[in-house]
Amino acid sequence: MQERPTTDPHRPQYHFLPPANWMNDPNGLIQWKGQYHLFYQHNPGEAVWGNMHWGHAVSADLIHWRHLPIALAPEPDGPDAFGVFSGCAVDNDGIPTLVYTGVAPPETQCIATGSDDLVTWTKYEGNPVIAGPPDEFEVTGFRDPKVWRDGDTWDMVVGSGIEGKGGAVLLYRSPDLINWTYLRPLHIGDADKTGPMWE
């Protein structure tokens with residue numbers, strides 16, 4: 001499967017592409033020990049959307065990329081059985097950590113920690129770290145977490161949508177990337193103007 005695309009004269013040589021098959025959203029771009037790591041939504045088995053994994057590549061200059069083994073794959077009995085959806089990467093005091101949406105359903109937020117070279121990833125045994133959206137809303141989606149540290153705490157925004165209102169960004173806070181507290185909607189849009197779901 002990987003040999004045929006590399007000989008295709010129409011295959012871009014400059015922009016990043018997976019070894020073969022489907023890719024979409026870039027995830028978790030992080031600089032780690034002088035190298036840039038790119039994760040991305042990837043179906044390793046077919047050239048269509050589905051069976052979402054996290055592909056992985058590394059670069060010294062953001063131009064020349066070397067493919068690495070798949071970072072995250074769905075687990076049949078896990079909270080990501082229907083797909084490992086988008087998320088981000090953070091440095092948690094020297095521990096590389098991926099924060100991502102697992103789909104079983106429902107959509108939940110999960111974490112995984114990496115080896116020092118970022119090649120081997122271990123999903124947290126207590127996943128999901130957020131088991132679903134807040135009970136106060138009927139949502140149209142709950143995915144694609146983005147996380148950052150602010151002093152001694154971590155903040156997370158999750159893309160969502162509130163039925164009858166519109167797309168929304170939900171705000172969470174944690175001391176350790178594991179125990180999260182829902183705070184409030186950071187912003188709620190107008191479904192007629194900005195759509196029913198924000199990713």
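**Close-up views of a predicted protein model**

View 1. Leu177 is buried, with a relative accessible area of 1%; buried denotes under 20% relative accessible area, exposed over 50%, and partly exposed the range in between, with a 1.4 Å probe and protein chains only. The structure is a predicted model, in which local features need pLDDT of at least 70 and side-chain atom pairs count only at pLDDT 80 or more, while totals for chains, interfaces and linings use all residues. Residues are numbered from 1 along each chain as its sequence is written, and side-chain values use heavy atoms, with hydrogens and water left out. Leu177 lies in the loop between strand E11 (166–174) and strand E12 (181–188); helices (H or I, at least four residues) and strands (E, at least two) are DSSP runs numbered from the N terminus. Apart from its neighbours within four places in sequence, Leu177 is in contact with Val90, Asn92, Thr97, Ile111, Val129, Val147 and Trp154, where contact means heavy atoms within 4.5 Å. Although Leu177 is not a glycine, its phi is positive, at about 70 degrees.

View 2. Asn127 is joined to Pro128 by a cis peptide bond, with omega near 0 degrees. Pro128 belongs to the loop between strand E8 (121–123) and strand E9 (139–150). Asn127 and Leu177 are separated by 50 residues in sequence and by 11 Å in space, C-alpha to C-alpha.

View 3. A cis peptide bond runs from Ala104 to Pro105, with omega near -15 degrees. The loop that holds Pro105 lies between strand E6 (95–103) and strand E7 (107–114). For context, most peptide bonds are trans, and most residues other than glycine have a negative phi.

View 4. Strand E1 (residues 22–32) and strand E2 (residues 35–43) run antiparallel and are joined by 7 bridges; two strands pair if DSSP finds at least two bridges between them. The two strands form a hairpin with 2 residues between them, and Lys33 in the turn has a positive phi of about 50 degrees. Pro26 stands opposite Tyr40 in E2. Asn21, in the loop between helix H1 (3–6) and E1, also has a positive phi, near 70 degrees.

**View 5. The whole chain, for orientation.** The protein contains 2 helices and 12 strands, in the order α-β-β-β-β-β-β-β-β-β-β-β-β-α along the sequence. Its radius of gyration is 17 Å, close to the 16 Å from the globule rule for 199 residues, so the protein is as compact as a globular protein of that length; the radius is taken over C-alpha atoms, and the rule is 2.2 Å times the number of residues to the power 0.38. The C-alpha trace spans about 55 × 40 × 35 Å along its principal axes. Buried residues account for 46% of the 199 residues. Of the contacts between residues at least 6 apart in sequence, 41% join residues at least 24 apart.
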